[in-house]
Amino acid sequence: MIKYNLKCENKHEFESWFSNSKEFEKLRLKKLVECIYCKSKQIDKSIMSPSILGKDERKRKEKPIEDLKKVQKELAKLRKFVEKNFENVGKDFPREVRNVYYDNRKNKNIYGQATSEEAEELKEEGIEIASIPWVEKSEN
Ligand SMILES: [Zn+2]
């Protein structure tokens with residue numbers, strides 16, 4: 001999703017969300033974008049704000065989209081690496097971590113989910129775990 005600040009011929013300013021810049025151009029050419037105040041169809045982009053809507057629905061404005069894409073790519077690589085080299089134990093993660101940690105014969109790499117309380121408990125027991133940002137695989 002991309003947010004545009006729009007301006008009509010009467011200088012009314014308003015914002016609208018579009019799935020991408022092409023969609024906006026298409027709708028504008030078909031005169032399907034109209035001013036929310038005066039219904040004018042002479043609409044132009046005002047200043048484009050590179051905000052994106054994350055999955056958590058919080059707007060992150062601090063990063064330009066291009067940078068963000070680069071980071072996403074890196075994170076996707078990280079995810080691949082983890083999936084290849086670590087065993088997914090899902091929600092059993094805290095229990096599995098203890099199994100591996102306290103059983104010296106066990107030596108395996110695992111990953112999974114832990115709540116922040118669980119992570120805190122593990123830390124108190126001296127077990128260091130790392131949390132990594134997890135990105136969705138489906139990119140474009
Ligand atoms: Zn207007």
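**A tour of the predicted chain**

Of the contacts in the chain with a separation of 6 or more, 42% join residues 24 or more positions apart; two residues are in contact if their C-beta atoms, placed from the backbone, lie within 7 Å. The model is predicted: local features need pLDDT of at least 70, side-chain atom pairs count only at pLDDT 80 or more, and totals for chains, interfaces and linings use all residues. Residues are numbered from 1 along each chain as its sequence is written.

Colour by pLDDT, the predictor's confidence in each residue from 0 to 100. The chain mean is 81, with 84% of residues at 70 or more. Confidence is highest in helix α1 (residues 21-29), at a mean of 89, and lowest in strand β5 (residues 59-60), at 51.

Switch to cartoon. The order from the N terminus is β-β-α-β-β-β-α-β-α-β-α, with helices (H or I, at least four residues) and strands (E, at least two) taken as DSSP runs and numbered from the N terminus.

Next, select Y4, L6, C8, F24, V33 and I43, the largest nonpolar core. Such a core is a set of buried Ala, Val, Leu, Ile, Met, Phe, Trp, Tyr and Cys residues joined through C-beta atoms within 7 Å; buried means 20 or more other C-beta atoms within 10 Å of the residue's own. Strand β1 (residues 2-8) supplies three of the core residues, the largest share. Centre on F24: beyond its neighbours within four places in sequence, F24 contacts Y4 and F18.

Across the chain's 140 residues, 7% are buried.

Note on methods
A residue is buried if 20 or more other C-beta atoms lie within 10 Å of its own, exposed if 12 or fewer, and partly exposed in between; C-beta atoms are placed from the backbone.
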